[in-house]
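I opened this notebook to record what I looked up in one structure. The entries follow the order of my reading, from the whole chain to a single residue.

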Amino acid sequence: MRKPRLNDEYREFLKNCKRPDVYTNTDHTEELVKHYSMRVDHAEHLRQEYVREVFINMPWKPPED
């Protein structure tokens, strides 16, 4: 079975996931499994793609000498 592609719907869902409390990080994989009833490996794949995009789109400037 092919893994799902990260589309705008998944992107928006992952962006809007909230932390349960200030001491706990969001478990995006579990949220995807609960909301979309998808397999864990597919949810983990989407989470990894989302995190990759977040890091790629971070503003970065090389340090000045």
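**Overall dimensions**

I first looked up the radius of gyration: the protein has 14 Å, whereas a compact globule of 65 residues would have a value near 11 Å. I note that this is a predicted model. Along the principal axes, I found that the C-alpha atoms fill a box of roughly 50 × 35 × 20 Å.

**Elements**

I then turned to secondary structure and found three helices and zero strands in the protein. Read from the N terminus, the order of the elements is α-α-α.

**Burial, surface and contacts**

What share of the 65 residues is buried? I recorded 23%; for this entry, buried means under 20% relative accessible area. The protein exposes about 5700 Å², and carbon and sulfur atoms supply 51% of that area. I also looked at contacts between residues at least 6 apart in sequence, and 44% of these join residues at least 24 apart.

**Charges**

I looked up 12 positive and 13 negative charges in the protein, and their mean positions are 3 Å apart.

**Threonine 26**

Where does threonine 26 lie? I placed threonine 26 in the loop between helix H1 (8-15) and helix H2 (28-36). Leaving aside residues up to four places away in sequence, I found that threonine 26 touches Cys17, Lys18, Arg19 and Pro20. For one of these residues, lysine 18, I noted a specific distance: its backbone oxygen lies 3.5 Å from a polar atom of the threonine 26 side chain.

Conventions:
Residues are numbered from 1 along each chain as its sequence is written. This is a predicted model: local features need pLDDT of at least 70, side-chain atom pairs count only at pLDDT 80 or more; totals for chains, interfaces and linings use all residues. Side-chain values use heavy atoms; hydrogens and water are left out. Helices (H or I, at least four residues) and strands (E, at least two) are DSSP runs, numbered from the N terminus. The radius of gyration is taken over C-alpha atoms; the globule rule is 2.2 Å times the number of residues to the power 0.38. Buried means under 20% relative accessible area, exposed over 50%, partly exposed in between (1.4 Å probe, protein chains only). Contact means heavy atoms within 4.5 Å. Accessible areas come from the Shrake-Rupley method with a 1.4 Å probe; for residues, only the protein chains shown count as cover. Lys and Arg count as positive and Asp and Glu as negative; His and the chain ends are not counted. The place of a charge is taken as NZ of Lys, CZ of Arg, CG of Asp or CD of Glu. A polar contact is a pair of N or O atoms within 3.5 Å; within protein, one must be able to donate a hydrogen and the other to accept it, and residues adjacent in sequence count only if both atoms are side-chain atoms.
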